[in-house]
Amino acid sequence: GALGGWPDGGSRVLAVALTVGLIALNGPFLLLVPLVLVESGAGAIGRSLQIGLQPLLARSPAELVAANVAAGTAEGLGTFAGPALSGVLLTLVGPLGSYLGVLAVYALAVAALAGMHVPPTRRGRAPSVKRELVAGIRAVARTPSTLLVLSSLDIQAGVRGALLVLTVVAAIELFGMGDAGVGALNAAFGAGGVAGAVGAVALAG
């Protein structure tokens with residue numbers, strides 16, 4: 001889902017709601033930092049759950065590929081449309097209005113999750129975290145190609161984190177685009193994500 005689930009989704013809504021209140025009251029910046037950490041951290045939990053559950057839910061390798069392509073396309077569209085819309089809102093109504101828009105989208109996502117009804121399933125014995133971790137490390141050690149893929153993902157995450165910071169600097173100081181320019185550059189990254197997803201479909205056949 002857009003927010004991953006009730007626990008992390010509710011945390012993100014609460015963090016954004018508190019951020020809206022902080023901006024409205026012109027609160028101190030130091031209070032904003034932990035709210036951003038909570039929101040981004042909860043998002044990372046939801047993304048990790050999605051990645052971990054997809055192989056368990058897919059009934060065939062083809063379904064897993066299709067699910068990954070669908071998730072990548074949706075993420076790319078969101079990365080494109082979200083910053084673009086935020087940039088427009090930031091220009092028209094300022095930071096408070098932009099965050100109110102984010103809060104509305106998050107609240108709609110949680111409401112959509114609340115309306116979902118998942119049939120009960122038989123609970124099995126929970127696997128040992130230590131055993132699963134050791135098995136994963138051994139599997140990676142046996143297949144160097146897997147280690148290469150995981151290393152590539154780690155590097156990609158580092159580059160993405162650096163881009164989040166450099167995008168702000170480039171938009172405001174290098175290109176003189178102002179605050180709304182941050183949204184425009186992030187939207188360009190999202191467009192690239194959509195193009196990459198389309199290319200993945202072509203490669204997967």
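Start by selecting Arg-12 and Tyr-106 in this predicted model: their side chains make a polar contact at 2.9 Å. Arg-12 sits in helix α1, which covers residues 6-24. Is Arg-12 buried or exposed? Arg-12 has a relative accessible area of 14%, and because the cut-off for buried is under 20%, Arg-12 counts as buried.

Next, select residues 29-57, helix α2, and residues 61-114, helix α3. Two packed helices are described by the angle between their axes and by the distance between those axes. For α2 and α3 the angle is about 160 degrees, and the axes lie 11 Å apart. The two helices are therefore roughly antiparallel, since an angle over 145 degrees counts as such. Their crossing is right-handed.

To see the contact, show Glu-39, Arg-47, Gln-50, Gln-54, Pro-55 and Leu-57 on the α2 side. On the α3 side, show Glu-63, Leu-64, Ala-67, Asn-68, Ala-71, Glu-75 and Tyr-106. Sorted by class, this contact has 6 nonpolar, 3 polar and 4 charged residues.

Last, move to helix α5, residues 144-174, and select Ala-171. Ala-171 is buried, with a relative accessible area of 0%. Which residues does Ala-171 touch, leaving out those up to four places away in sequence? They are Gly-176, Met-177, Gly-178, Gly-181, Val-182 and Leu-185. Now pick the C-alpha atoms of Ala-171 and Gly-181: these residues are 10 residues apart along the chain, and the two atoms are separated by 5.3 Å.

Methods
Residues numbered from 1 in each chain as written. Predicted model: local features only at pLDDT ≥ 70, side-chain atom pairs only at ≥ 80, totals over all residues. Heavy atoms only, no water. Helix = DSSP H or I, 4+ residues; strand = E, 2+ residues; numbered from the N terminus. Buried < 20%, exposed > 50% of the residue type's maximum accessible area, 1.4 Å probe, protein only. Polar contact = N/O pair within 3.5 Å; in protein donor to acceptor, adjacent residues only side chain to side chain. Axes fitted to C-alpha atoms, helices over the stretch in contact; angles between N-to-C directions. Parallel < 35°, antiparallel > 145°, perpendicular 65-115°, else oblique. Left-handed = near helix turned anticlockwise from the far one by under 90°. Contact = heavy atoms within 4.5 Å. Nonpolar A, V, L, I, M, F, W, Y, C, P; charged D, E, K, R; others polar.
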